[in-house]
Amino acid sequence: MGDKMRVEKINVYQAVMTLHKPFRIAYGETREAKTVFIEVVTDTGVNGWGEAPPTSKITGETVDTVVGAIRLMAGSLYDLDITGYMDVYRVIDATLRSNQAAKDGLVTAILDAVSKSLGTPLYKLLGGGGNIIRSDVTIGLDSPEAMARDAVSWVERGFRAIKVKLGGPLEIDFERVRMIRDSIGAGVEIRVDANQAWSPKEALKASRVLERYDVAIIEQPVHYRDYEGLRTVKWGSSIPIIADESVHTSRDAALLASMEAVDGVNVKIAKSGGMLEGLRIASVAEAFGLDLMVGCMVESPLGIAAAAHMVAAHGGFKYIDLDSDLMLSDHPVRDSFRRERDEIILGEKPGLGVEVDVGKLVKLAEIRVSKPQPAI
Ligand SMILES: [Mg+2]
């Protein structure tokens with residue numbers, strides 16, 4: 001404790017991960033997922049890892065923009081003691097606007113390194129007690145019959161909550177939820193996510209119909225910029241409305257909360273710029289009495305572990321949707337958390353508790369964090 005720690009070098013890698021089957025939502029389909037791994041090499045010999053999954057349709061990022069953003073942020077890390085990670089986060093965040101996944105990858109890698117050097121699991125460093133969290137699992141868009149079959153097989157594996165992707169047309173969406181509810185019975189929670197596909201009028205109609213099938217929440221019914229539309233739907237719907245794409249940072253959450261436009265917010269660390277900002281969103285949500293949800297992009301067990309540490313650290317997340325690792329047939333993570341039924345169980349290893357198989361990664365950049373040389 002008390003020892004300073006500086007970043008000397010940042011390695012940026014790409015990984016291409018394959019999915020068991022294509023994953024379809026309202027605005028696109030994923031067959032394989034490109035993600036970026038960030039490794040910070042420190043002057044203490046301890047390295048930290050983070051994941052920056054670029055999701056162009058949500059944060060506007062690509063593999064290339066992540067590399068550029070990391071290069072820029074590396075320049076501001078010079079001479080900073082990263083054990084003071086809150087200050088470091090402020091510096092990183094002030095370096096450039098947006099680029100949330102890149103910030104997430106760098107912040108996570110720094111927190112992994114700091115908690116490793118202190119010999120503690122990350123969730124404990126951030127104030128957490130319990131190491132077990134219970135997640136739902138997501139069913140991608142498909143025919144109502146296929147989605148109902150999927151739901152049954154996950155319930156048989158022990159899941160007590162199912163998240164259902166919707167996206168129109170409305171009559172097919174209703175059929176999807178009806179068939180899933182009929183197939184899995186009354187005891188399993190159903191959450192739905194329209195991924196911005198509906199107009200406010202359609203969302204109000206959907207809410208009235210979906211009530212019949214005991215739907216717990218509706219995520220992002222309308223366009224992400226339509227805060228007024230969200231408010232209209234929230235006040236007209238008996239089912240709680242959760243904002244996802246509408247909320248990136250704590251400022252978005254504060255604005256939506258002050259407008260009384262939603263019942264809850266979905267935090268994703270790749271949207272917020274990492275888990276420190278994610279925890280700020282959680283504070284805003286608590287202050288305004290909003291429900292807290294956590295979600296993920298299509299990311300490896302490394303990114304899922306980071307989000308799980310945030311959730312375990314905070315303790316107040318009500319809806320947990322950390323499941324993209326279950327969709328992957330191949331990824332570069334050797335060892336991470338344990339899954340049992342619908343539970344994610346974090347281990348007692350220091351840091352994130354994740355081992356990366358570097359042999360499966362393609363190195364994109366090696367960025368030195370050093371004092372800028374004066375121009376001659
Ligand atoms: Mg969502």
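## Fold, core and backbone details of a predicted model

Of the contacts in the chain with a separation of 6 or more, 74% are made by residues 24 or more positions apart. The structure described here is a predicted model, and its secondary structure comes to 14 helices and 18 strands. The C-alpha atoms fill a box of roughly 70 × 40 × 40 Å along the principal axes. The radius of gyration of the chain is 20 Å, which agrees with the value near 21 Å that a compact globule of 376 residues would have. Buried residues account for 52% of the 376 residues.

### The nonpolar core

The largest nonpolar core contains 117 residues, and those with the most contacts inside it are Ile38, Ile70, Ile110, Val265, Ala307 and Ala308. Helix α13 (residues 301–314) supplies the largest share of this core, with 10 residues. At least three residues of the core come from each of domain 1 (7–120 + 357–368) and domain 2 (124–356).

Which residues surround isoleucine 38, once its neighbours within four places in sequence are left aside? Isoleucine 38 is then in contact with Ile10, Val12, Trp49, Gly50, Ala52, Ile70, Gly105, Leu106 and Ala109.

Methionine 73 has its place in helix α2 (residues 63–77), and it counts as buried because 24 C-beta neighbours lie inside 10 Å, where 20 or more are needed. Although methionine 73 and leucine 106 are 33 residues apart along the chain, their C-alpha atoms are separated by 8.6 Å.

### Helix α10 and its cover

In helix α10 (residues 250–258), the buried residues are Ser250, Asp252, Ala253, Leu256 and Ala257. These residues cover an arc of only 155° around the axis, and they therefore lie on the same side of α10. The elements that cover them include the helices α9 (227–236) and α12 (275–288), together with the strands β9 (241–243) and β10 (264–267). Just after α10, glutamate 260 takes a positive phi of about 50°.

### Backbone geometry in the loops

Most residues other than glycine have a negative phi, and most peptide bonds are trans.

| Residue | Phi | Location |
|---|---|---|
| Serine 98 | about 50° | loop between α3 (85–95) and α4 (100–117) |
| Glutamate 260 | about 50° | just after α10 |

Glutamine 220, by contrast, counts as buried, because 24 C-beta neighbours lie inside 10 Å.

The loop between β6 (161–165) and α7 (170–184) holds proline 169, and a cis peptide bond, with omega of about -10°, joins this proline to glycine 168.

Terms used
Residues numbered from 1 in each chain as written. Predicted model: local features only at pLDDT ≥ 70, side-chain atom pairs only at ≥ 80, totals over all residues. Buried ≥ 20, exposed ≤ 12 C-beta atoms within 10 Å, placed from the backbone. Helix = DSSP H or I, 4+ residues; strand = E, 2+ residues; numbered from the N terminus. Arc of directions from axis to C-beta. Contact = placed C-beta atoms within 7 Å. Core = buried A, V, L, I, M, F, W, Y, C linked by C-beta atoms within 7 Å. Domains from an automatic or database assignment. Rg over C-alpha atoms; globule rule 2.2 N^0.38 Å.
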